[in-house]
Amino acid sequence: MARLLRPFEYREPQTVGEAVRMLSEYGAQARVLAGGTDLIVSMKKRQISPRYIVYIKDIPDLNYVHYSQETDLTIGALATHRSIADSSIIMDRYNLLATACSKVGTPQVRNMGTIGGNICKAGPSQDTPPVLLVLDARLKLVSLGGERVVPINTFFLAPFKTVLQQGELLTEIRIPPPPPTSAGCYKWATKIVTIDETLVGVAVLMSVDCADGVCTDIKIALGSVAPTPMRARQAEEVLRGKRIDDRLIKQAAQVAAGETRPRSRADYRRRMSRLLVSEAIAETWQKIK
Amino acid sequence: MKQIATFIVNEKHYELAIEPHMLLVEVLRDELGLTGTKHSCGIGNCGACTVLVDRKPVLSCLTLALTVQGKNIRTIEGLAQGTNLHPIQKAFVEHGAIQCGYCTPSMVLSAKALLDKNLNPTEQEVKHALSGNLCRCTGYIKIIDAVLAAAEAMSKEAHP
């Protein structure tokens, strides 16, 4: 009977230690399977034919959202987009992450797909990376050799390429507490195709001194407008330390659009970047007021 | 290399010898003869392969069968009780929400997942719940009407 997938050896490690041991042993012949919404598609398309599938979703204690007032928010790599989007603490304090996770795919895809898988796929048009960039997320990577914590702004190297080494597993995402009197948002425009792939994604995190209306800090990140998700650092400089007004927002948006490096539909993407950055900053400012 | 695995589908237990590379949709259709679940786009866009696993809508065409051993799987065949249609199925029939019928099993299951949590959804909430299920025939209007009508009927049944 012809089957949709080519045969492979299936492994179900019960601990992170087991998993990284297997990944180290099998090297390039193994792929990690969690939600499967990306890997299985690639395998069906014969883009990859792994000899070993290392299924990690049954490893306990990798699916959580933990909040504590003083320390970082920690999210287990196996947390699904659905659980993050529905998490009351994330909706309350890191709302832009809930927004991004609720945009990924479809309800079914969100029930299956994990944030770890999303990050490691490193597609240029994905929704969670720009949000994680403005949130200054750090990623815990575990291997046989130990563990390391990598800031997300060094994680993405090129389309679908990250600093993750063979034999390494992403286990946790850490997000520092949001600054006081801050807010954020995530906005996007989509390609007009079935799955609403993001054409331009904009994440903003901004804190404002309410006494004098001065922007004490701002982070702007864009997705789908460069080979990797990017921070618009020059645009941030336009606003940082200044009193916010509409003229300045417009200027920052213009600068942000100039920082993008879109490959296709470049003119439209730059224009949409300018529009969405402007809207995102204005909306965030409203939220803080 | 086949291995024995236990599947709980529509509250029945099945012990099957399956290979790791078999997808849930293949096991349901080919091993169990439950052909209500469809394989359509194959890449996670259309939702025609939707089944409920532990009450959550998931895509059976992107799920390795071995990963859902022992979990509660519900397919469209597990909704009606004999010839008694589930209220959602009744509403689909009554509202003309079925044309070719290909998307219908998955639409009904996604609707069921919604109504099992929220018996008073807004139209927007219905659309959102069905946003992962594509229909090429109906234009969705009657499907949405049917789900809202089913919500009302199920509500009345729950609080007579």
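In the predicted model, strands β3 (residues 50–53) and β5 (residues 72–74) of chain B are joined by two bridges and run antiparallel to one another. Within β5(B), Ile73 of chain B is the residue that faces B:Val53. Both strands belong to an open sheet of five strands in chain B, ordered β2-β1-β5-β3-β4, in which the pairing is mixed. From one strand to the next, the twist averages 40°. Helix α3 of chain B (residues 104–117) packs on this sheet, where β3 and β4 of chain B are touched. The direction of α3(B) makes about 35° with that of β3(B).

Chain B is assigned two domains, domain 1 spanning 3–78 and domain 2 spanning 87–158. Their C-alpha centres lie 22 Å apart. The contact between these domains draws 14 residues from domain 1 of chain B and 13 residues from domain 2 of chain B. On the domain 1 side, at least two residues are supplied by each of β3 and β4 of chain B. The most comes from β3(B), which gives three residues to that side. The composition of the domain 1 side is seven nonpolar, four polar and three charged residues.

Helix α3(B) also packs against helix α2 of chain B (residues 87–94), at an angle of about 130° and with 10 Å between the two axes. At this angle, α2(B) is therefore oblique to α3(B). The two helices make a right-handed crossing. From α2(B), the contact involves B:Ile88, B:Gln89 and B:Phe92. These residues meet B:Thr104, B:Val108, B:Ala111, B:Lys112 and B:Leu115 of α3(B). By class, the residues of this helix contact comprise five nonpolar, two polar and one charged.

Between the chains, the contact is formed by 27 residues from chain B and 24 residues from chain A. On the side of chain B that touches chain A, the elements giving two or more residues are α1 (24–31) and β4 of chain B. The largest share of that side, four residues, belongs to β4(B). The side of chain B that touches chain A consists of twelve nonpolar, eleven polar and four charged residues.

Chain A is assigned three domains, with bounds of 9–55 for domain 1, 65–175 for domain 2 and 182–288 for domain 3. The C-alpha centres of domain 1 and domain 2 of chain A are separated by 19 Å. Their contact takes 14 residues from domain 1 of chain A and 17 residues from domain 2 of chain A. Helix α1 of chain A (residues 16–26) contributes the most to the domain 1 side, with six residues. That side of domain 1 of chain A holds seven nonpolar, five polar and two charged residues.

Strand pairing in chain A includes two parallel pairs that share β3(A). In one, strand β1 (residues 9–11) of chain A is joined to β3 (residues 52–55) of chain A over three bridges, and A:Arg11 stands opposite A:Val54 of β3(A). In the other, strand β2 (residues 30–33) of chain A is linked to β3(A) by four bridges, and A:Leu33 stands opposite A:Tyr55 of β3(A).

A helix pair is found between α10 (residues 246–259) and α11 (residues 266–288) of chain A, whose axes come within 8 Å and cross at roughly 140°. The crossing of α10(A) with α11(A) is right-handed. On the side of α10(A), the contact is made by A:Ile249, A:Lys250, A:Ala252, A:Ala253, A:Gln254, A:Ala256 and A:Ala257. The residues contributed by α11(A) are A:Arg270, A:Ser273, A:Arg274, A:Val277, A:Ser278, A:Ile281 and A:Ala282. The contact of α10(A) with α11(A) divides into eight nonpolar, three polar and three charged residues.

Terms used. Residues are numbered from 1 along each chain as its sequence is written. Chains are lettered from A and ligands numbered from 1 in the order in which they are written. This is a predicted model: local features need pLDDT of at least 70, side-chain atom pairs count only at pLDDT 80 or more; totals for chains, interfaces and linings use all residues. Two strands pair if DSSP finds at least two bridges between them. Axes are lines fitted to C-alpha atoms, for helices over the stretch in contact, and angles run from 0 to 180 degrees between N-to-C directions. Two residues are in contact if their C-beta atoms, placed from the backbone, lie within 7 Å. Ala, Val, Leu, Ile, Met, Phe, Trp, Tyr, Cys and Pro count as nonpolar, Asp, Glu, Lys and Arg as charged, and the others, Gly among them, as polar. Domain bounds come from an automatic or database domain assignment. Angles under 35 degrees count as roughly parallel, over 145 as roughly antiparallel, 65 to 115 as roughly perpendicular and the rest as oblique. A crossing is left-handed if the near helix is turned anticlockwise from the far one by less than a right angle, and right-handed if clockwise.
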